[in-house]
Amino acid sequence: KYIDPEPMPKDGSGDDRLMAFQYFVCLSSTPGNQIPFQPPVGYNPEDFELLLRQTEAVMKTGMYPLGPPLSYFGDLQCYDPVVEHM
């Protein structure tokens with residue numbers, strides 16, 4: 001579904017595959033600030049097969065046996081207001 005044999009389109013042309021905006025996910029280590037994650041409507045685990053394969057390949061190297069940190073996948077910043085303001 002997400003692997004295309006065609007050449008990459010020109011930068012900036014758009015291809016209906018990569019979202020050109022960001023989501024901010026707020027996570028907390030404080031139990032009272034936590035809620036369980038729910039799969040969104042229309043969620044299909046097969047859409048994340050490539051991510052799963054990449055994660056498993058990284059784990060097999062032994063560098064991150066429990067899985068790579070989120071920072072492995074990009075420039076992610078974590079902010080916990082309780083920890084930040086202590």
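Helices here are DSSP runs of H or I at least four residues long, numbered from the N terminus. With that in hand, here are the close-ups, all taken from a predicted model.

**View 1. The whole chain, for orientation.** The chain has 2 helices and 0 strands. Of its 86 residues, 5% are buried, a label kept for relative accessible area under 20%.

View 2. Helix α1 takes in residues 49–60, 12 residues in total. From first C-alpha to last it reaches 17 Å, close to the 16 Å expected at 1.5 Å a residue. Past the helix comes G62, and its phi is positive, near 90°. For anyone tracing side chains around a helix: an α-helix has 3.6 residues a turn, so residues three or four places apart point the same way.

View 3. E56 sits in helix α1. With 40% relative accessibility, E56 counts as partly exposed, because that class runs between the 20% and 50% limits. P68 is 12 residues from E56 in sequence, and their C-alpha atoms are 9.2 Å apart in space.

View 4. I3 belongs to the segment before α1. Its relative accessible area is 63%, so I3 is exposed; the cut-off for that label is over 50%. Along the chain, I3 and L50 are 47 residues apart, yet 9.3 Å separates their C-alpha atoms.

**View 5. Y43 and F48, ring on ring.** The structure holds 2 aromatic pairs, and this view shows the stacked one, Y43 with F48. The ring centres of Y43 and F48 are 5.8 Å apart and the planes meet at 25°, so the pair is stacked; planes under 30 degrees apart get that name. Y43 has 43% relative accessibility and counts as partly exposed. F48, at 44%, is partly exposed as well.

**View 6. Inside the second largest pocket.** The second largest pocket has a volume of about 150 Å³. Sorted by type, the lining residues come out as 5 nonpolar, 3 polar and no charged.

Notes: Residues are numbered from 1 along each chain as its sequence is written. This is a predicted model: local features need pLDDT of at least 70, side-chain atom pairs count only at pLDDT 80 or more; totals for chains, interfaces and linings use all residues. Side-chain values use heavy atoms; hydrogens and water are left out. On a 1 Å grid over the protein atoms alone, a cavity is a set of points where a 1.4 Å probe fits but cannot get out, and a pocket is an open set with protein on both sides within 12 Å along at least five of seven lines; lining residues have an atom within 4 Å of a point. Grid points are joined across faces, edges and corners, and a volume is the space filled by probe spheres set on the points. Ala, Val, Leu, Ile, Met, Phe, Trp, Tyr, Cys and Pro count as nonpolar, Asp, Glu, Lys and Arg as charged, and the others, Gly among them, as polar. The expected span of a helix is 1.5 Å times one less than its number of residues. Buried means under 20% relative accessible area, exposed over 50%, partly exposed in between (1.4 Å probe, protein chains only). Rings of Phe, Tyr and Trp (its six-membered ring) pair if their centres lie within 6.5 Å; planes under 30 degrees apart count as stacked, over 60 as edge-to-face and the rest as tilted.
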